[in-house]
Amino acid sequence: MSAVSKASDAAAALRVEGLTTSLKIDGVWRDAVRDVSFALAPGETLALVGESGCGKSLTAMTVMGLLPKGVGRLSAGRIVIDGVETSTLAERDFGKVRGDSIGMIFQEPMTSLNPVLPVGFQIAEPLMQHRGLSRRQAMERARELMELVRIPAAAERLKSYPHQFSGGMRQRVMIALAIACSPKVLIADEPTTALDVTVQAQVLDLLGVLQRERGLGVLLITHNLGVVATNAQRVMVMYGGDVVESADVGDFFAKPLHPYSRALLAAMPRVDRPTSDLAPIPGQVPTLAELPDGCRFQSRCPLREEACAVRPPLTPVEGGRRHVRCVVLARELAGDLPREGTA
Amino acid sequence: MLLDVVDLAKTFTLRQGWPVPTLVDVRALDGVSFSVDRSEALGVVGESGCGKSTAARAALRLIEPDRGRVMFDGRDVLTAKPAELRALRRRMQIVFQDPASARDPRQRVGSALMEPLAVHGVARGDVARKRVLAILDEVGLPKTAFDRFPHEFSGGQRQRIGIARALALEPDLIFADEPVSALDVSVQAQILRLLDELKQRRRLAFVFVSHDLGVVRHFCERTVVMYLGRIIESGPTGQIFDAPKHPYTKVLREASPVPDPAVAKAKVAIEGEPPSPVAPPPGCHFHPRCPLATDICRTQAPALRDIAPGRRVACHHAS
């Protein structure tokens, strides 16, 4: 499992093993995320990429312990955040980890910020709760954080309300809030999807600086492969709740392996070259209830064969540098495999 | 040219402020001109608030512009009397980003698609039904879609319904306002392919508003770039994105992510965010953020001038 073991257990900022999340749909529990494993090193950006309903956000919510009770549950697996196993923690103790060791930002900051409180207070609040700072100390720290995320005239804007900020500035406020207690891990769920491209570039640039300078491990969830290519070191592609491919970003974009990864790239119009031959993926993502057993992608896959009825393992290929979940490819690329690597 | 838009301007007046609101002017369009021919797609790109949607709506006369001229197939849209305007609108249809919000959730798809045929007196009853079924087939939907409700469809299928509705009256021109922005990549490609086919087969003209330069590059032969209510660059799409002339087009192009880690990560060549159209800067609107800005840019708005065959740019320093 080399793609998941770059960071040893102690060094990993976030470690996820065999995470399986189930959702209750029409009274039936169904696995919406199956057996996801990865480790995130400090100062590393790991991108989780896929289309609507692939389970990427659900994975993040599970890691954050934010599954809605009675509707979603962690059915199997371990989650270790900065050395603390959170998957077995009671909600009260998880509350300490959340905000303290792990922060999260979302696509639409307006839904996460309180519209009737000044942003300075909202950034200061976790510092008072988690770090025991006085109100004055916390406000001073909030000002520093707003400067850190490059909000102009931070001192004056402490008293501003969320609606007085533009979309990009609001996302900066969210980032300041999420990193207030210096967490080891930041989960960024489509952080720039609602922003204009120039503002998107600025926010991603800021995330990159924080990741490098503060050794923040970033789990970047996005549907945009362009954002992945320029902002992540490693990538995991999800489809129908399964990780279908994981690789270093360089290897992945040089030669995507899984049929779904290849289809996704071939379907993407590019600004840097003419794309007269867009290749749509036939059909659409099946709903959770319609997902086939075995390989999840088989209903849309050009390589489909009988063996796909059985769920393929995430198989190491290219000398274990990367992993792919596809029986056909695993067989074709078998020459690359060290024998013991198939476990 | 099928559609010729000349010097369109529109200022909205807003009440702003609390507790004593004041009236402020928003110059959404400030002398915008463009044209589009049959079987051609014109891309309109720019960031939020640049006026790209307003331009499309004003050309359709869904909002009344303050100034300018819109000629459609030789007829003046802005001075057309109601009956003539209705006849013109039949030939100019619109497709929105979110097809769900443009549908009545309680109206079955077939009935929704037959409605414009009845309104325009084109067809009723069985004739209309046959025509709608043919269009459903053309946009890749099953016949069974006719008796179903919009919520029963996925996002991609709903956009197909939106396109079918636009096609029902056999228009010559379609205004598409971010038609694939809400869709996943794999579905987006399906819809783009459908639009490609329609453009060829029906010789349709498109005014295609989008913030996604990749999508525009794929679909549009020509493109105009807008910034704060003005067109700052126009020309063949490939040329504009491969060799942008206006500093803002360059920034837009470099900030657009490309799925290739070998492409050096775009240094953020721009500070700040687009200024508010409420109080745009004098002279060239872009000068406060422009690396090339000099004194003339702060006082004089540059005209959109020809710099190469088919290419125009509004910049004092572009060559």
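This is a predicted model: local features need pLDDT of at least 70, side-chain atom pairs count only at pLDDT 80 or more; totals for chains, interfaces and linings use all residues.
Residues are numbered from 1 along each chain as its sequence is written, with chains lettered from A and ligands numbered from 1 in the order in which they are written.

Let's start with chain A. It is divided into domain 1 (2-101 + 184-280) and domain 2 (111-182), with bounds from an automatic or database domain assignment. Their C-alpha centres lie 26 Å apart. Where they touch, domain 1 of chain A gives 11 residues and domain 2 of chain A gives 12; contact means C-beta atoms, placed from the backbone, within 7 Å.

Which element gives the most to the domain 1 side? That is H7(A), with 5 residues. Helices here are DSSP runs of H or I, at least four residues, numbered from the N terminus.

Now the core, meaning buried Ala, Val, Leu, Ile, Met, Phe, Trp, Tyr and Cys residues joined through C-beta atoms within 7 Å; buried means 20 or more other C-beta atoms within 10 Å of a residue's own. The largest nonpolar core has 179 residues, and Leu219(A), Leu42(B), Val44(B) and Phe208(B) touch the most other members. Helix H6 (residues 167-178) of chain A supplies the largest share, 7 residues. Both domains of chain A give residues to this core, so it lies between them.

Finally, Val44(B): beyond its neighbours within four places in sequence, its contacts include Lys52(B), Phe208(B) and Met226(B).

Conventions:
Two residues are in contact if their C-beta atoms, placed from the backbone, lie within 7 Å. Helices (H or I, at least four residues) and strands (E, at least two) are DSSP runs, numbered from the N terminus. A residue is buried if 20 or more other C-beta atoms lie within 10 Å of its own, exposed if 12 or fewer, and partly exposed in between; C-beta atoms are placed from the backbone.
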